[in-house]
Amino acid sequence: MERPYILHMFTPGPQVSPFDVNMAADAGYQLAVPYCHVTPEGIAGLTQDAIFSRGPKGAARTGLFIGGRDVLVADDMLERARNAMIPPFAVSLCADPSGAYTTAAALVAYTEAALGATSDGGLAGTQVLLLGGTGPVGRIAAVLCARRGAHALLGSHRGATAAGEAAAATGARFGVSLQGVSTATADALRTALSEADVAMGVAGAGVQVASEADLEAAMRLRVAVDINAVPPAGLAGVGAMDDGKPLAGTSAVAIGALAVGNVKYQVQHRLLSRMRESERPVVFGFAEAFELAREVLAEKKR
């Protein structure tokens with residue numbers, strides 16, 4: 001009898017995301033087993049339980065998935081799990097806390113493609129303002145933008161201190177330079193928007209981070225992208241289905257949550273499928289998710 005495909009799903013939180021369980025099943029895993037309240041200190045032992053119990057051949061049908069909500073903790077757990085492997089006992093790994101890795105990958109790849117369509121270059125040299133940027137998606141999107149040569153600013157309605165702390169911790173973790181900026185008042189928000197080439201709405205569902213009046217200040221804006229599919233729009237005027245539509249009252253094109261979400265879904269599905277299909281162990285984080293998002297968008301253009 002062939003051994004089943006098993007995905008062990010670890011989270012520091014009280015439950016594994018049903019979204020991720022569904023994605024695992026759709027990618028062909030026959031068993032998706034949740035483990036809750038897993039700590040970074042405990043991930044090595046669980047990893048070694050998974051690799052030694054099935055032998056080198058069974059390892060090819062075994063995967064580990066790291067979820068949760070904290071992108072810094074997820075990166076730590078991914079690294080610890082990787083270091084716990086003892087070849088030839090090794091399995092494939094993937095981290096995607098709160099879907100932040102795949103969502104940020106789709107968001108930034110879409111933005112890069114839109115900038116390429118409207119100018120001579122991509123993200124390099126642009127100023128990217130991430131509104132609600134101290135959350136999971138905002139932090140990883142900022143890192144990806146910075147790695148592409150952009151000046152990325154994490155905007156926070158809680159003020160400059162909260163934004164600065166998030167930017168410093170995230171930048172230090174991933175080796176990039178990020179800046180925090182207060183968007184706590186209308187004046188602060190509009191000042192930040194006035195200097196932005198790209199505005200990303202990355203706050204929680206149903207939270208509007210910039211109104212039509214706020215966006216009137218964004219005279220340099222070239223791309224406005226929003227991941228909020230729950231009304232009201234995070235960025236006023238950006239429709240969930242928008243895919244390069246001109247944003248009224250600005251010089252920007254709009255990219256909506258469902259356009260980004262479609263690419264995010266394809267990226268996560270392909271990552272999990274490639275884990276299951278690979279004969280050799282693979283490790284997928286947000287960098288790999290971003291390259292795959294670029295592939296998905298390139299296919300879309302053909």
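Okay, ground rules. What we have is a predicted model, so local features need pLDDT of at least 70, side-chain atom pairs count only at pLDDT 80 or more, and totals for chains, interfaces and linings use all residues. Residues are numbered from 1 along each chain as its sequence is written, and side-chain values use heavy atoms, with hydrogens and water left out.

Let's start with helix α7, residues 160-174. Helices here are DSSP runs of H or I with at least four residues, strands are runs of E with at least two, and both are numbered from the N terminus.

Which residues of α7 are buried? By buried I mean under 20% relative accessible area, with exposed over 50% and partly exposed in between, using a 1.4 Å probe and protein chains only. They are A162, A163, A166, A167, T170, G171 and F174. Looking down the axis of α7, these fall within an arc of 145 degrees, taken from the directions from the helix axis to the C-beta atoms, so they line one face of the helix. On the other side, T161, E165 and A172 are exposed.

And what do those buried residues pack against? With contact meaning heavy atoms within 4.5 Å, the partners are α4, α6, β6, β7 and α11. Over in α4 sits D75, which is buried at 18% relative accessible area. Leaving aside neighbours within four places in sequence, D75 touches Y101, R173 and F174.

Now the sheet. It's an open one of seven strands, ordered β7-β6-β5-β8-β9-β11-β10, with mixed pairing. Pairing needs at least two DSSP bridges between two strands. β7 and β10 are the edges, each pairing on one side only. β6 and β7 run parallel over four bridges, and L153 stands opposite Q179 in β7.

Last, cysteines. How many disulfides are there? Zero, if a disulfide is a pair of cysteine sulfur atoms within 2.5 Å. The sulfur of C36 is 18 Å from the closest cysteine sulfur, in C94, which is too far for a bond. C36 is partly exposed at 33% relative accessibility, whereas C94 is buried at 2%.

Methods. Expected span 1.5 Å × (residues − 1).
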